[in-house]
Amino acid sequence: MEAPPAAPAAASPAVPAVPAVPVAGAVPRSTAIVCSDLRKNYRDTVALAGVDLRVERGSVFGFLGPNGAGKSTLVKILTGLVHPSGGQAEVLGGRPGSRAVHRRLGYLPEQFRFPQWLTGRELLRLHGRLMGVESNDSQLLELVGLDAAGDRRIGEYSKGMQQRLGLAQALVGDPELVFLDEPTSALDPLGRRHVRDILTHLRDRGITVFLNSHLLTEVERVCDRLAVIDRGSVIAQGATDDLLKGPGLRVRVGELPEGAFDDVTARLPSHVAPPTYVEGVVTIPGVAADEVPGVVRTLVDGGVPVYEVTFARQSLEEAFVQLLQGRHPGTDGEARA
Amino acid sequence: MTQPGATHPDDPRGLAGPHVSGTEAAATEAPLIARTCPEPSRAPGDTRASPTRGLAAVGPRFLQVWYRDAFVFVKLWKTNLFPPLIEPYLYLLALGLGVGFYVSEIDGVDYLTFVAPGIIVTSAILQATFECTYGSYFRMSFQSTFDAIISTPVNPEEVSMGEICWGASRATLAAAAIMVSLAAFGRLELIWAPVILALQFLVGMQFGALSLLITSKVRQTEYFNFFLSGIIFPAQMLTGAFFPLSRIPEVLQPIAWAVPLTSAIDLTRSIMLDRLGPHSLLQLAYLMVATLVFVELALRSMRRRLIG
């Protein structure tokens with residue numbers, strides 16, 4: 001086995017950073033959101049350091065990043081709640097925050113609370129009045145699975161039901177673009193599945209969904225495109241399938257002897273992407289099926305206690321951790337989005 | 001594997017295909033910067049896309065914000081309505097009948113008659129103040145209600161105006177409640193009731209706006225204590241609500257008259273005691289100007305708070 005130049009996994013992100021959006025280019029009607037060199041400073045703190053982003057219409061777009069990476073700032077700029085310090089942004093062909101855009105926009109804030117003594121239906125009707133439309137509350141309640149609970153007080157709703165009601169509120173007025181900030185964080189698995197079905201339904205109707213979520217499994221399952229932001233910059237964006245490497249090897253291992261990981265990394269074939277180690281699992285992307293025995297032998301010869309070997313596609317969590325390990329030395333693989 | 005960078009241009013999945021016309025394809029030559037914030041997408045009266053600020057940016061949608069507040073309030077009418085109704089009655093009993101028992105006459109009338117306008121106005125401003133401090137702050141910070149509203153066609157000025165008008169409505173309700181009992185005691189001629197209520201709405205707007213201005217500046221509710229203990233409560237005591245201004249040191253009297261609340265109380269008293277005169281017009285003008293100034297300041301400051 002040829003030994004490539006040793007390169008620590010952390011220094012080579014598996015998903016390369018890309019220059020996301022060409023500064024000079026077209027903004028066709030098929031594009032829902034375009035950001036170009038978008039910047040935001042809060043006094044001495046740089047929240048966005050020149051974000052380039054493009055979201056196609058009719059897609060479910062996942063937006064990921066560690067805490068404090070700038071996710072909420074970007075969503076607030078795009079919904080007109082924060083002024084950018086520089087750069088350009090265009091939403092549905094107009095200026096973020098303009099009334100013309102807001103007529104076609106839905107937004108579910110991250111930390112919302114509803115008046116507990118209103119009913120779900122009343123809340124949707126009140127929001128319809130604010131949107132200046134007749135609320136299609138019965139349809140919306142049915143869509144989010146609250147048709148039987150629509151006339152009950154919100155105080156009697158579970159957290160998950162309130163979150164689904166928030167989703168319904170964001171859909172009042174048939175928006176073309178919906179911003180959802182952590183819409184599944186309080187949901188149980190069944191609730192999350194329900195929301196996934198709703199998002200798929202919205203995509204089928206041609207509605208663009210901008211999904212800000214830290215639940216990577218959800219994003220991986222439902223989003224057809226995604227972007228990762230870190231320290232105010234988009235470090236990767238593209239189709240979900242393209243961002244996830246695969247197939248590859250996932251190897252559950254025991255405690256690694258000191259230096260074993262670097263030693264094995266150096267001895268892997270040169271075309272294999274650098275492996276990562278996350279919570280007892282070594283992931284080696286880009287391994288072909290006929291290379292598996294050789295790679296496993298390399299691991300065992302290198303002193304790695306191998307317990308289980310799976311041939312699988314990289315998960316979004318692994319891709320996410322790989323991306324961030326390259327930028328946050330010392331990150332132990334904790335997946336934060 | 002396709003590199004993410006290569007997936008970029010418009011739509012690798014073909015979503016855009018049917019939508020991109022020849023004209024749009026030709027438009028690819030145009031620089032992006034020239035296409036951002038296109039003017040044609042700006043709707044008439046779109047205040048957020050123009051530099052219009054303050055009162056000039058308020059359109060009729062503020063009524064929907066007012067309606068939302070009122071609807072939520074009425075849903076809890078038992079809890080919301082009774083305490084504000086009972087409180088002025090306690091004042092009336094304590095000051096009018098309690099203290100009034102020891103005070104035979106003040107300013108040419110019995111004490112209950114003298115103090116009634118003061119109780120009306122102070123009850124009104126307290127309602128507006130609490131609604132536009134704690135109430136608005138709760139909706140703004142804890143419920144994210146304003147964020148959800150501003151993402152609709154309602155703009156920040158309309159949100160603020162709706163809040164101020166709702167505060168003024170609650171002030172008017174409180175005033176109306178106490179006026180009912182005053183009428184029963186024979187201390188109020190009902191013919192003046194609409195005028196007094198309209199005046200309380202104006203005073204409610206003034207204090208609602210001042211309170212919202214404070215709300216736009218604070219980062220936690222504890223700071224409201226400074227406003228309430230440092231401004232509102234002393235103002236109630238030193239603006240002629242419960243005793244004539246002539247009783248405070250002469251050197252402080254110009255300061256007391258500079259506080260618009262003094263004019264509000266004196267004007268309400270003039271109406272109720274049939275003492276209107278040219279000075280009443282001046283007082284009304286002063287109240288209106290002060291209200292306009294506070295509203296304008298509150299609207300501008302809230303915009304800065306809501307859109308960072």
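**Reading helix packing and a sheet**

Mentor: Helices H5(B) and H7(B) are roughly antiparallel to each other (angles under 35 degrees count as roughly parallel, over 145 as roughly antiparallel, 65 to 115 as roughly perpendicular and the rest as oblique). Before we go on, this is a predicted model, in which local features need pLDDT of at least 70, side-chain atom pairs count only at pLDDT 80 or more, and totals for chains, interfaces and linings use all residues. Residues are numbered from 1 along each chain as its sequence is written, while chains are lettered from A and ligands numbered from 1 in the order in which they are written.

Trainee: At what angle do the axes of H5(B) and H7(B) cross?

Mentor: Two packed helices are described by the angle between their axes and the distance between the axes. Here H5 (residues 111-142) and H7 (residues 156-184) of chain B cross at roughly 150°, and their axes come within 8 Å. Axes are lines fitted to C-alpha atoms, for helices over the stretch in contact, with angles from 0 to 180 degrees between N-to-C directions.

Trainee: Which residues of H5(B) and H7(B) make the contact?

Mentor: Contact requires C-beta atoms, placed from the backbone, within 7 Å. Among the residues in this one are Ala124(B) and Ala128(B) of H5(B), and Trp166(B) and Ala171(B) of H7(B). By class, the contact has 16 nonpolar, four polar and three charged residues (Ala, Val, Leu, Ile, Met, Phe, Trp, Tyr, Cys and Pro are nonpolar, Asp, Glu, Lys and Arg charged, and the others, Gly among them, polar).

Trainee: How does H7(B) pack with H8(B)?

Mentor: H7(B) and H8 (residues 193-215) of chain B have axes 7 Å apart and an angle of about 140°, which makes H7(B) oblique to H8(B). Their crossing is right-handed. Ala171(B) of H7(B) and Phe201(B) of H8(B) are among the residues in contact, and the classes here are 15 nonpolar, seven polar and one charged.

Trainee: How many helices and strands does chain B have?

Mentor: Chain B has 12 helices and zero strands. Helices (H or I, at least four residues) and strands (E, at least two) are DSSP runs, numbered from the N terminus. Of the 308 residues of chain B, 44% count as buried (buried means 20 or more other C-beta atoms within 10 Å of its own, exposed 12 or fewer, partly exposed in between, with C-beta atoms placed from the backbone).

Trainee: In what order do the six strands of the open sheet in chain A lie?

Mentor: The order is E5-E6-E7-E3-E8-E9, with mixed pairing (two strands pair if DSSP finds at least two bridges between them). E5 (105-108) and E9 (233-239) of chain A stand at the edges with a single partner strand each, so one side of each has no neighbour in the sheet. From one strand to the next, the twist averages 15°. Inside the sheet, E3 (residues 60-64) and E7 (residues 208-212) of chain A run parallel, joined by four bridges; Phe63(A) stands opposite Asn212(A) in E7(A).

Trainee: Which strands does H1 of chain A lie across?

Mentor: H1 (residues 71-78) lies across E3, E6 (177-181), E7 and E8 (225-230) of chain A, at about 150° to E6(A). Helix H5 (residues 159-170) of chain A lies across E5 and E6, at about 160° to E5(A).

Note on methods: Contact = placed C-beta atoms within 7 Å. Left-handed = near helix turned anticlockwise from the far one by under 90°.
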